[in-house]
Amino acid sequence: MKGFVLAVLGSFALWVPAEVVFLDKGIYQVMYDTNLEQPLEVSYQVGGRPKLADRKGMNFKKEKGLHTSDDKDYVNNIWDKGHMAPAAHFSDSEENLRLTFSYANSALQHEKLNRGAWRFLEAEVRKWAQTEELWVVNEIWFSDKSIKLPTGATVPDGFVKIVEGKQWCKCFFFTNEAPTMKWTEYEVSCLDLDRIEIVMPEGGVRG
C-alpha cells in the first residue's frame, strides 16, 4: 500500500500511514505522527510507585532518528510541553523520570489546561492507583482545522484520557483551551467517545 507501512503490535499487524511511528519506552508506549510533530496516543500502566526522584533540572530531549517537536515550538506562546505519560507517575527512579522527558511524550497543551484540570485529574489517577494497578490511554486529537505553528508542529484540538481498572473504566475529554470547569465535570461516557465533536474557531468540526 503506497504511503503506508506494516506495523506489528504484539500478535497484531496493521497498515498505518508512513509518517506514524510506534515507540516503546518501556514504562510507556507512543504512537507518534512525524508530520504533525505530535503524539497521537500514549499509553502506560500506573501503580503505587513511590516518589524517589526529583525532576529539577530535567529538560525534554529529542529521540534519535525521530522527527518531533522541539524547544522552538513552545517559545513565547500559550502552549506547555504537556507530559502525556506524567513525570509524577514515574518518579520512582531517576531513570524512569528521565524517560518521560522525551519530545515523543510531549504535546502542545494549553498552559492553563496542563497546569489545571488535566493536572488535577492526573493527581486523582495516582490516588486511584494506590489500591490497584491501572491502564491509562491518552488520545491526542487533530483535524484539518488544527493550528500549525510557524515552527512546524501542529496544535492538538483536544485530549481524551481513558483510565481502566479491573472492573471499571472512566473517560475524560478536554478541548485544548483554558478549562472552565472542575476536572470531574470533564468525564464523559466511554461509549460516547466516537460521537464527540469539537467545534473549531473557524466554524469547522472535528468529530
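Biologist: Why is Trp141 called buried in this predicted model?

Modeller: The relative accessible area of Trp141 is 7%, and buried means under 20%, so Trp141 counts as buried.

Biologist: What makes the pair of Trp141 and Phe173 tilted?

Modeller: The ring centres of Trp141 and Phe173 are 5.4 Å apart, and a pair needs centres within 6.5 Å; the planes stand at 40°, whereas stacked requires under 30 degrees and edge-to-face over 60, so the pair falls into the remaining class, tilted.

Biologist: Which parts of the chain does this pair tie together, and how is Phe173 classed, buried or exposed?

Modeller: Trp141 lies in strand E8 (residues 134-141) and Phe173 in strand E10 (residues 169-175), so the pair links parts that are 32 residues apart in sequence. Phe173 has a relative accessible area of 11%, which is under 20%, and therefore Phe173 is buried.

Biologist: How many aromatic pairs does the structure hold, and why is the one between Tyr44 and Phe90 called edge-to-face?

Modeller: The structure holds 11 aromatic pairs. In the pair of Tyr44 and Phe90 the centres are 5.9 Å apart and the planes stand at 80°; since edge-to-face asks for an angle over 60 degrees, that name applies to Tyr44 and Phe90.

Biologist: What makes Tyr44 and Phe90 a link between separate parts of the sequence?

Modeller: Tyr44 belongs to strand E5, while Phe90 sits in the loop between E6 and helix H1 (94-100), so their pair ties together parts 46 residues apart in sequence.

Biologist: How do you know that Tyr44 and Phe90 are buried?

Modeller: Tyr44 has a relative accessible area of 0%, and the relative accessibility of Phe90 is 0% as well; buried means under 20%, so Tyr44 is buried and Phe90 is buried.

Biologist: Which residues form one aromatic cluster?

Modeller: Phe60, Tyr74, Phe101 and Tyr103 form one such cluster.

Biologist: What is noted about the phi of Glu37, and why is Glu37 called buried?

Modeller: The phi of Glu37 is near 60°, a positive value in a residue other than glycine.

Key: Residues are numbered from 1 along each chain as its sequence is written. This is a predicted model: local features need pLDDT of at least 70, side-chain atom pairs count only at pLDDT 80 or more; totals for chains, interfaces and linings use all residues. Side-chain values use heavy atoms; hydrogens and water are left out. Rings of Phe, Tyr and Trp (its six-membered ring) pair if their centres lie within 6.5 Å; planes under 30 degrees apart count as stacked, over 60 as edge-to-face and the rest as tilted. Helices (H or I, at least four residues) and strands (E, at least two) are DSSP runs, numbered from the N terminus. Buried means under 20% relative accessible area, exposed over 50%, partly exposed in between (1.4 Å probe, protein chains only).
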